[in-house]
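My notes follow the order in which I checked things.

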Amino acid sequence: MAGILDLLNSDLGKNIISGVSGSTGTDQDKTSSVLTIALPVLMKAMERNASTPEGAAGLMGALSGNNGSILDNLGGLFDGGVDDSVKNDGAKILGHVLGSKQQGVEQVIGQKAGVDAGSVANILKVAAPILMGVLGKQASQNNVSSQSDISGLLGGLLGGSDASNEQNFLEKILDADGDGSVVDDVAGMLLGGDKKEGGIGSLLGGMFGK
């Protein structure tokens with residue numbers, strides 16, 4: 001299975017990056033940097049959430065009926081600007097995945113990508129429904145129907161990348177201290193300094209099944 005970073009390097013990925021860049025008014029290279037960091041982090045959060053039966057059920061419910069059709073009409077999606085309903089869906093997805101930590105996550109990604117947090121937020125609102133489309137299409141093609149299936153799907157997309165430098169970097173920042181909290185580790189490694197209790201905190205708030 002190709003990894004999520006391989007997708008960004010494909011023709012489809014280039015169309016996504018170009019479209020998101022145009023719809024948010026953000027430089028294309030910086031848009032690519034944001035997505036390269038953010039999509040695996042979001043998927044890692046989903047993977048960990050899916051390690052519980054409730055989390056897996058919530059994610060499968062969100063993917064049910066999502067066959068990735070959004071990917072079949074990217075021209076229509078981006079032509080004339082992305083519809084507000086898509087951005088609203090994206091905001092809801094981000095809220096489920098990141099919870100109260102969303103702003104902190106966006107700040108950390110922005111620091112690394114050289115983009116202000118507001119632009120990161122706009123990029124992720126557009127990208128989140130597309131990511132769910134990718135996951136929905138893969139889930140449909142692979143007949144995902146159980147907790148182990150969804151965990152395997154997410155793990156495959158995270159681990160299948162040939163972009164080893166990015167993948168190694170992500171593996172290091174995703175919970176470097178083993179406490180189950182992703183974002184504080186990202187902040188510590190990218191921004192320097194010691195992690196503070198009660199700071200940015202855990203990425204893994206309740207997803208879908210709050």
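**Ground rules.** I am working with a predicted model, in which local features need pLDDT of at least 70 and side-chain atom pairs count only at pLDDT 80 or more, while totals for chains, interfaces and linings use all residues. Residues are numbered from 1 along each chain as its sequence is written, and side-chain values use heavy atoms, with hydrogens and water left out.

**Whole chain.** I looked up the secondary structure and found eleven helices and zero strands. Helices here are DSSP runs of H or I with at least four residues, strands are runs of E with at least two, and numbering starts from the N terminus. I then checked burial: 47% of the 210 residues count as buried (under 20% relative accessible area; exposed is over 50%, partly exposed in between; 1.4 Å probe, protein chains only). The accessible surface is about 9500 Å², and carbon and sulfur atoms hold 44% of that (Shrake-Rupley method, 1.4 Å probe; for residues, only the protein chains shown count as cover). For contacts (heavy atoms within 4.5 Å), I took pairs at least 6 apart in sequence; 75% of these join residues at least 24 apart.

**H6 and H8.** The axes of H6 (residues 84-98) and H8 come within 7 Å and cross at roughly 80 degrees. I use axes fitted as lines to C-alpha atoms, for helices over the stretch in contact, with angles from 0 to 180 degrees between N-to-C directions. The pair is therefore roughly perpendicular (65 to 115 degrees; under 35 is roughly parallel, over 145 roughly antiparallel, the rest oblique). From H6 the contact includes Val86, Lys87 and Asp89, and from H8 it includes Leu124, Lys125 and Met132. I sorted the contact residues of H6 with H8 into nine nonpolar, one polar and three charged. In that sorting Ala, Val, Leu, Ile, Met, Phe, Trp, Tyr, Cys and Pro are nonpolar, Asp, Glu, Lys and Arg are charged, and the others, Gly among them, are polar.

**H7 and H8.** I looked at H7 (residues 102-113) against H8 (residues 117-141): the axes come within 8 Å and cross at roughly 110 degrees. H7 and H8 are therefore roughly perpendicular to each other. Glu106, Gln107, Ile109 and Gly110 of H7 meet Ala117, Val120, Ala121 and Leu124 of H8. The contact splits into five nonpolar, two polar and one charged.

**H4 and H9.** H4 (residues 53-63) packs on H9 (residues 147-159) at about 75 degrees, with the axes 9 Å apart. On H4 I listed Pro53, Ala56, Leu59, Met60 and Leu63, and on H9 Gln147, Ile150 and Leu154. Seven of these are nonpolar, one is polar and none is charged.

**Thr26.** Is Thr26 buried or exposed? Thr26 is buried at 10% relative accessible area, and its place is the loop between H2 (11-24) and H3 (28-49). Its side chain makes a polar contact with the side chain of Thr24 at 3.2 Å. I count a polar contact as N or O atoms within 3.5 Å; within protein, one must be able to donate a hydrogen and the other to accept it, and residues adjacent in sequence count only if both atoms are side-chain atoms. Leaving aside neighbours within four places in sequence, Thr26 touches Ser21, Thr31, Val115, Ser119 and Ile123.

**Gln102.** Gln102 lies in H7 and counts as buried at 17%. Leaving aside neighbours within four places in sequence, I found Gln102 in contact with Leu94 and Gly95. Its C-alpha is 8.8 Å from that of Ala121, 19 residues apart in sequence.
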